[in-house]
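Here is a friendly walk through one protein model, from its overall form down to a few single residues. Please keep the sequence and the 3D view open as you read.

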Amino acid sequence: MNKWMELADRVLDGLEITNQEALSILECPDDDVLLLMHAAFQIRKRYYGKKVKLNMIMNAKSGLCPENCGYCSQSSISTAPINSYRMVNKDTILEGAKRAHDLNIGTYCIVASGRGPSNKDVDHVVDAVKEIKTTYGLKVCACLGLLKPEQAKRLKEAGVDRYNHNLNTSASNHANITTSHTYDDRVNTVETVKEYGMSPCSGVIVGMKETKQDVVDMANSLKALDADSIPVNFLHAIDGTPLEGVKELNPLYCLKVLALFRFINPTKEIRISGGREVNLRSLQPLGLYAANSIFVGDYLTTAGQEETEDHKMLLDLGFEVESVEEMKASLN
């Protein structure tokens with residue numbers, strides 16, 4: 001038995017891997033990556049079989065953000081040419097929900113730029129979500145920034161199932177990425193989401209000049225937060241942002257990162273998210289041996305693959321899309 005299978009068996013027995021073992025996953029020799037992914041798949045298969053959860057983003061408000069996040073084309077310090085606009089109207093949000101429903105996509109994510117939502121923004125999202133739940137019955141995720149308790153309460157009452165607020169990086173690397181809010185601000189929003197009964201979704205962006213120890217710390221922080229869904233983004237460096245030109249990643253290392261997150265968070269939804277096309281490239285399918293969820297379509301200000309290509313990839317792998325009916329059953 002290879003060492004990665006021995007480690008997977010320990011995880012399946014309920015044991016946690018050590019810090020050194022976690023680092024060894026990121027330092028796995030390239031020649032052994034297929035063995036590592038096979039071991040990660042044994043964990044994934046125990047909890048999710050061969051099902052894949054599909055997610056789609058609605059970029060409901062773009063740009064115009066006062067924050068100074070170094071990776072983001074929508075920040076106040078970015079010079080990237082993007083489409084900036086205020087919150088879209090309800091019909092546009094509903095059109096996106098219909099498209100998600102028609103494509104058998106289980107989770108519809110309403111995303112808005114900014115430090116956090118105004119009460120007017122929350123009113124708008126609440127109105128749209130009520131109609132989405134009545135008409136399509138989709139799982140709805142909201143991602144609106146730092147959240148106040150009363151806003152969290154209203155979103156939950158409207159039917160928002162999940163709230164996304166990423167940690168993005170490790171506590172020790174946070175000040176290198178943004179100074180307009182703290183790492184604890186992000187943690188506190190995730191805790192508020194949990195307090196008001198929404199499922200916490202929180203993830204990371206890998207490739208922002210962090211160390212391997214930072215990546216291990218990110219995975220452990222999300223385990224400590226008990227995030228139900230963990231989006232793993234890989235930096236797609238955008239011209240006009242402080243991280244312009246940063247290209248630290250390669251496809252094999254990205255696979256090791258996904259395996260690490262599966263070993264540390266064995267029961268959680270691990271989602272291959274932004275940057276998968278440019279960083280995993282032709283190895284994208286292998287990522288799903290560790291992850292069990294993907295975004296389809298475009299991201300916030302960068303393009304993804306066509307939905308039909310993603311469906312073909314899943315079909316070729318012999319994986320099954322989790323149906324909307326299965327998703328609804330999991331909410332009950």
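## Ground rules

A contact here means heavy atoms within 4.5 Å. With that in hand, take Lys-194: leaving aside residues up to four places away in sequence, Lys-194 touches Pro-200, Leu-225 and Asp-226.

This is a predicted model, in which local features need pLDDT of at least 70 and side-chain atom pairs count only at pLDDT 80 or more, while totals for chains, interfaces and linings use all residues. Residues are numbered from 1 along each chain as its sequence is written, and side-chain values use heavy atoms, with hydrogens and water left out.

## Overall form

The protein has 14 helices and 10 strands; these are DSSP runs numbered from the N terminus, with helices being H or I of at least four residues and strands E of at least two. Along the principal axes, the C-alpha trace spans about 55 × 45 × 35 Å.

Of the 332 residues, 58% are buried. Buried means under 20% relative accessible area, exposed over 50%, and partly exposed in between, with a 1.4 Å probe and protein chains only. Among contacts between residues at least 6 apart in sequence, 76% join residues at least 24 apart.

## Surface and charge

## Helices α1 and α2

Helix α2 covers residues 19-26, and its residues Ala-22, Leu-23, Ser-24, Ile-25 and Leu-26 are buried. The buried residues of α2 pack against α1 (3-12), α3 (33-48), α9 (212-225) and α10 (251-264).

Helix α1 holds Glu-6, which is partly exposed at a relative accessible area of 43%. Glu-6 and Ala-39 lie 33 residues apart in sequence, with their C-alpha atoms 8.4 Å apart in space.

## Helix α8

The 13 residues of helix α8 (residues 183-195) should span 18 Å at 1.5 Å a residue, and the 19 Å between its end C-alpha atoms agrees. The expected span is 1.5 Å times one less than the number of residues. Buried in α8 are Tyr-183, Arg-186, Val-187, Thr-189, Val-190, Thr-192 and Val-193. Their cover includes α6 (149-158), β4 (162-164), α7 (174-177), β5 (199-201) and α9.

Back to Lys-194, which is found in α8: it is partly exposed, with a relative accessible area of 29%. Lys-194 and Leu-225 are 31 residues apart in sequence and 9.4 Å apart from C-alpha to C-alpha. After α8 comes Gly-197, whose phi is positive, near 85°.

## Two asparagines with positive phi

Most residues other than glycine have a negative phi. Asn-104, however, has a positive phi near 65°. Asn-104 sits in the loop between α4 (90-102) and β2 (107-112) and is partly exposed at 28% relative accessibility.

Asn-168 also has a positive phi, about 75°. Asn-168 lies in the loop between β4 and α7 and is buried, with a relative accessible area of 6%.
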